[in-house]
Amino acid sequence: MLQLQNLELEILRVKKVIKRLQEQAQTLLREKEEIEGKRQTLRERIEEVKEKIKEHLRGIEECKQRVKRAEENLPLVKKAEEYKALLREKAKGEDCIIKLKDNLRKLEEELKSLENSQKDRGLIKKLEEIQEELSDLEYSQSKAYKKLEELEKSFEIMKENTEQKVWQEYLRLKERYGLPVMISVDTFGTCGNCGTKLPSALYSRLVGGEVIPCPSCGRLIYYEEA
Ligand SMILES: [Zn+2]
């Protein structure tokens, strides 16, 4: 029964390890997605800013044309009103160039800073580290699964080789108390599960090799030579 229990405890332990490994992998995957998302947003913003810079350059060109046209027409007009209108047109064009150039300068600064962030080795390195850890975890998981499979196979074999009476008793105790159903008495002569001090008569029987239920918690206790 002790062997059944120890094997089952080992199975539970490996299952817990697998669960923990899966949780760790999940956390890393989330972290990876977050970093990749950030990098994607950065790429998109860089494209956006580049597009805006092109628009601004086109805009500046158009305004320059406007100024040039006005300048070319100035000597051709006869009326003072037309002349004034052309001067206003020229001034508007020049104004527009100043504004666009100002914006353009800001956009170019933003682009530079975005491109610097994109080149940031920190994030790239972090991604590589995560990838490495994920491969590690995958390897550990596959080992744990293999171990679990072996343990479950051994458990089946052990179950088949266990007397029906013992197996039923094991199930009954497990149902009633949970694992462990069997535990050694500790060096203070107390139950290894609940810590109750055992009567000396009972303790002597344990030392003599008997397996007896703890009067307090009901687990089967046995003596184990240190
Ligand atoms: Zn006990």
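A crossing is left-handed if the near helix is turned anticlockwise from the far one by less than a right angle, and right-handed if clockwise. Keep that in mind for the tour.

This is a predicted model, where local features need pLDDT of at least 70, side-chain atom pairs count only at pLDDT 80 or more, and totals for chains, interfaces and linings use all residues. Residues are numbered from 1 along each chain as its sequence is written.

Select residues 2-73, helix H1, then residues 80-118, helix H2. (Helices are DSSP runs of H or I, at least four residues, numbered from the N terminus.) The H1 and H2 axes lie 8 Å apart, at an angle of about 160°. Axes are lines fitted to C-alpha atoms over the stretch in contact, with angles from 0 to 180 degrees between N-to-C directions. H1 and H2 are therefore roughly antiparallel (over 145 degrees). Their crossing is left-handed. Colour the contact by residue type: 16 nonpolar, seven polar and 13 charged. Here Ala, Val, Leu, Ile, Met, Phe, Trp, Tyr, Cys and Pro count as nonpolar, Asp, Glu, Lys and Arg as charged, and the others, Gly among them, as polar.

Next, select residues 121-160, helix H3. The axes of H3 and H1 come within 8 Å and cross at roughly 160°. H1 and H3 are therefore roughly antiparallel. This crossing is left-handed. The H1 contact with H3 holds 21 nonpolar, five polar and ten charged residues.

Stay on H3 and pick Glu133.

Notes:
Helices (H or I, at least four residues) and strands (E, at least two) are DSSP runs, numbered from the N terminus. Angles under 35 degrees count as roughly parallel, over 145 as roughly antiparallel, 65 to 115 as roughly perpendicular and the rest as oblique.
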